[in-house]
Amino acid sequence: MLGRISGVRHATVVGAIGSLTALTGFGAIGGGDHPERFETYQVVVAPGAGTNWLRITETFDHDFGNEQRHGPERYIPNDFGAAVDVVASSPDAPDDVSVTDLGSETRIRIGDPEVEISGQHRYTLSYTLPAAQLDTGLLALDIIDGDEFETLDATVIVTGCEIADPG
């Protein structure tokens, strides 16, 4: 048989719950405040429709933290031609696409310039590099080199190619 719980114990439990709720609300515990980052980043590299075309598909969880942003922005080097056939999608954020050829690189902006978002959102971005020179037998890509945000987990999948000396 259970005994009666004293008023002091009730007050202690209520105080603990109230304190934890307040600490969570003020951000002292829980999710916390962190810089903008990529939680996960997966890239699939595959030969495209032409003999020298390369199709890249990036799926990433971009965590904007508490920052208000219109969406992610990617800069793709034009070493293998300016990115074409650019498509983006997101299940929980605006996914309009704006593509600008800047000469040495292509800027891809995903999102709505009229809508700001924060927190974590998943995006899938696909594009074709039309001059990848696959017929030379050499494939050289910097997949996440130069990203300004921390990446917690990255995976690169190369399919449809035989890789003799990956590095």
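**Charged pairs and packing**

Mentor: R37 and E39 join their side chains in a salt bridge, with N and O 2.8 Å apart; the term stands for a side-chain nitrogen of Lys or Arg within 4 Å of a carboxyl oxygen of Asp or Glu. Both R37 and E39 are buried, where buried is under 20% relative accessible area, exposed is over 50% and partly exposed is in between, taken with a 1.4 Å probe on protein chains only. The model is predicted, so local features need pLDDT of at least 70 and side-chain atom pairs count only at pLDDT 80 or more, while totals for chains, interfaces and linings use all residues. Numbering starts from 1 along each chain as its sequence is written, and side-chain values rest on heavy atoms, with hydrogens and water left out.

Six salt bridges are found by this rule. In one of them R69 pairs with E36, and the closest N and O atoms are 2.9 Å apart. R69 is in the loop between β2 (54–63) and β3 (73–77), and E36 is in the loop between α1 (7–25) and β1 (37–47), so the pair ties together parts 33 residues apart in sequence. Helices (H or I, at least four residues) and strands (E, at least two) are DSSP runs numbered from the N terminus. E36 counts as buried, at 10% relative accessibility, whereas R69, at 31%, counts as partly exposed.

R69 also meets E67 in a salt bridge, at 4.0 Å from N to O. E67 is partly exposed, with 41% relative accessibility. Through shared partners, the salt bridges join E36, E67 and R69 into one network.

Next, the rings. The whole structure holds four aromatic pairs; rings of Phe, Tyr and Trp (its six-membered ring) pair if their centres lie within 6.5 Å, and planes under 30 degrees apart count as stacked, over 60 as edge-to-face and the rest as tilted. F38 and Y41 make an edge-to-face pair, 4.9 Å centre to centre with 85° between the planes. Y41 also pairs with F60, and this pair is stacked, at 5.3 Å and 10°. Ring pairs link F38, Y41, F60 and Y123 into a cluster.

The largest nonpolar core has 22 residues; such a core is a set of buried Ala, Val, Leu, Ile, Met, Phe, Trp, Tyr and Cys residues joined through side-chain atoms within 4.5 Å. Y127 and L129 have the most contacts inside this core. At least two of its residues come from each of β1, β2, β6 (105–110) and β7 (120–129). Neighbours within four places in sequence aside, L129 is in contact (heavy atoms within 4.5 Å) with N52, W53, L54, I56, I76, F80, G81, A83 and L141.

Finally, A88 is in strand β4 (residues 84–89) and is buried, with a relative accessible area of 12%. Residues up to four places away in sequence not counted, A88 touches D95, V97, I110, T124 and L125.
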